[in-house]
2 protein chains.
Amino acid sequence: MLAGLREISAIGRDPSTGGYRRYAWSAADLALREWFGGAATQRGIAWHADGIGNLWAWWGDELGPGAVVTGSHLDSVPDGGAFDGPLGVVSAFCAVDELRARGVTPARPLGVVAFVEEEGARFGVACVGSRLLTGSLDPDRALGLTDADGVSLAEAMRSAGADPAEVRPDPALLARIATYVELHIEQGRGLVEHGAPVGLGTGIWPHGRWRYRFTGEANHAGTTRLGDRCDPMLTYAHTVLSARKRARLAGGVATFGRVLVRPNGSNAIASAIDGWLDARAPDQPSLGHLVAEIERAAFERGRRDRVEVGISVESQTPAVEFDAGLRQRLGSVLGGVPALPTGAGHDAGVLAGHVPTAMLFVRNPTGISHSPAEHAEDADCVAGVLALVDVLADLLAR
Amino acid sequence: MLAGLREISAIGRDPSTGGYRRYAWSAADLALREWFGGAATQRGIAWHADGIGNLWAWWGDELGPGAVVTGSHLDSVPDGGAFDGPLGVVSAFCAVDELRARGVTPARPLGVVAFVEEEGARFGVACVGSRLLTGSLDPDRALGLTDADGVSLAEAMRSAGADPAEVRPDPALLARIATYVELHIEQGRGLVEHGAPVGLGTGIWPHGRWRYRFTGEANHAGTTRLGDRCDPMLTYAHTVLSARKRARLAGGVATFGRVLVRPNGSNAIASAIDGWLDARAPDQPSLGHLVAEIERAAFERGRRDRVEVGISVESQTPAVEFDAGLRQRLGSVLGGVPALPTGAGHDAGVLAGHVPTAMLFVRNPTGISHSPAEHAEDADCVAGVLALVDVLADLLAR
């Protein structure tokens, strides 16, 4: 295991599942931030947190233009794995060591970054750190987001000693970044099928999240005849199965993974059910068609069940194409590694709208992610670091 | 509205829904118990709580043999209606008034009872008061039941000033009861179709509750290809729809109204889902067949989804036939009111194994129950009281 991953392996770990609960501005997050500072200091590199809470360590003059930045995030989903996020930050510090060991003298500043609240596990919005930096998320809206306990982001920052008044976009910093490269564990089995430890990202599928509300009528589960029922569980169940079928036909993915049932009693027909649809597809027209088909199936079944169906968009993220010139350059440095898209959102997807951006993926033998079972072989992690080193050496040389 | 229902109409009412949250030994329950005592005292009738917490008011000598008892319960399901339970207790007190107004002098003692924790809404087991009284629920098991906050029944009793050491069966009391009659709002639309305000119960369908656990594999909702998933939401959804279809074919009912999803994140394929099946049918063979068919469908689909299905019985209640002789006697007193079974459990179903027992149902215009929308017309409630008076006058005369 890379030393950095070992150093943080106990932070925010749930001993009952082995998974991680590393939520932004939590005690676990503060411990990870301290680790980041230590990793930079130990390498004699200046570091600081920006006003948003993103962590930056600069090898070279951070104010210099044409910077190359690499990194990822340290927070996790509930019960997440050890690699999603930290692998990119740890690999960035390893790359600094290896570049020095190779005697590379960078012609440009190299920044190592850890973006805050990438998963959105605590405040419900993903990529908060990169979106605030780039100005694609309004600071007031972000600071007003609340966690499950009703604590706002502003309050959470204050409790952690950060000043919410400092949260604002930083176009000047963005303008000094010439390239952003994010290394990330793959979250599928594309590289397994290619038989390669490392791959290059082509882009991110467009994706979105929709809340379906199915409203029926609470009633007694024992005495209400089937024909008299308005049972939203039936409409929900039918929609779940339709979503799967439609996703298969569209070549995309569609998932209901979160459900809230009222009153959620074992002898009561539900009065209302909220189900969240996560849908993604290779391109925008396919996604639009997929989502429309799932909606149509839900409305049709709702009429049959006498259940009202309401749908609201919670988030929509357009497709991201990573910079074609940069991809070509990295591809030739790495000597023809596989190129593959991903269905997952990343800070790299946010940065890509502002800065030439690339992603490196490290093989995931099972494809499992967002789970304690997420895994990458040590040899593949090392291959990832070496690929990152080659890429950075090239980018820093000119 | 019957005066008694009006007197308690604000107790335990959730102002946001208009539904009731009257859980055993809660503040709302204690207020209802105080009301019961007041209703008895106001009528010059001695009352007391037994060691279990059931409330008894006796017109005549409670130690006399051949007693006639009538009543129901005062607790509610979460967000329940105003009639399920209280209508039977309020009607019992009204019947005492009317019997006195008619100058009836009972030849036997008349007891008015309110059984504690009938719904099982707080401690998860239904008919706790009547089952402890009859010895069909072990006192130690009952006292160890815990509510959602981890408070045991024993602790809840102590907090309310009751002594858990006094919880035990009372065969001597049971032996003194010659007849139990429970009046209850109908929880379906049988009487609407018969065009009658009052009906006579024939029995209670056999019913049970099963916990289905669907275990799959947590994974990323955006990056895990459909073919690589073990998504328990699919198996759950298929089982919900199968249960409905099988119930229709069996002439019974089957409901999934309670679901717990882990980790319940909108961008995570669920790792495990618990769903509770409530199933009921006109007779035991039909119920057994129905439950077996739902199981079979769940296992089959689980194999297809690579999801493990585990099923455990949470409760099973055999069919109840109310005493045939008593039914005939009440039928002739009431002059041929409709006779109908019910799918709902009642304290009367528990008592029926020990004491000749009957039920009177009062028309429910929508059939809705276990919901704030539960309703009975005033005229029908009065018709229910008058039917109960006729029945009691007959039973008390000999």
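Analyst: Here's a walk along the helix, then a neighbour, then the pocket.

First, the ground rules: this is a predicted model, where local features need pLDDT of at least 70 and side-chain atom pairs count only at pLDDT 80 or more, while totals for chains, interfaces and linings use all residues. Residues are numbered from 1 along each chain as its sequence is written, chains are lettered from A and ligands numbered from 1 in written order, and side-chain values use heavy atoms, with hydrogens and water left out.

The helix is α10 of chain A, residues 284-305 (helices are DSSP runs of H or I, at least four residues, strands are E runs of at least two, and both are numbered from the N terminus). With 22 residues at 1.5 Å each, α10(A) should span 32 Å, and its end C-alpha atoms are 31 Å apart, which agrees (the expected span is 1.5 Å times one less than the number of residues).

Which way does the helix hide its side chains? Among the buried residues of α10(A) are Leu287(A), Leu290(A), Val291(A), Ile294(A) and Ala297(A), and the list also includes Glu293(A), Arg301(A) and Asp305(A) (buried is under 20% relative accessible area, exposed over 50%, partly exposed in between, with a 1.4 Å probe and protein chains only). Those buried residues pack against β7, α9, β9, β11 and β12 of chain A, together with α9 of chain B.

Thr235(A) is buried, at a relative accessible area of 0%. Beyond four places in sequence, Thr235(A) is in contact with Ala298(A), Arg301(A), Gly302(A) and Asp305(A), and also with Phe214(A), Val307(A) and Val309(A) (contact is heavy atoms within 4.5 Å).

Now the second largest pocket, with about 740 Å³ of space (the space filled by probe spheres set on grid points joined across faces, edges and corners). Its lining has 33 residues, with Ala126(B), Arg131(B), His207(B), Ser315(B) and Thr317(B) nearest its centre (a pocket is an open set of points on a 1 Å grid over the protein atoms alone where a 1.4 Å probe fits, with protein on both sides within 12 Å along at least five of seven lines; lining residues have an atom within 4 Å of a point). β12(B) contributes the most to this lining, with four residues.
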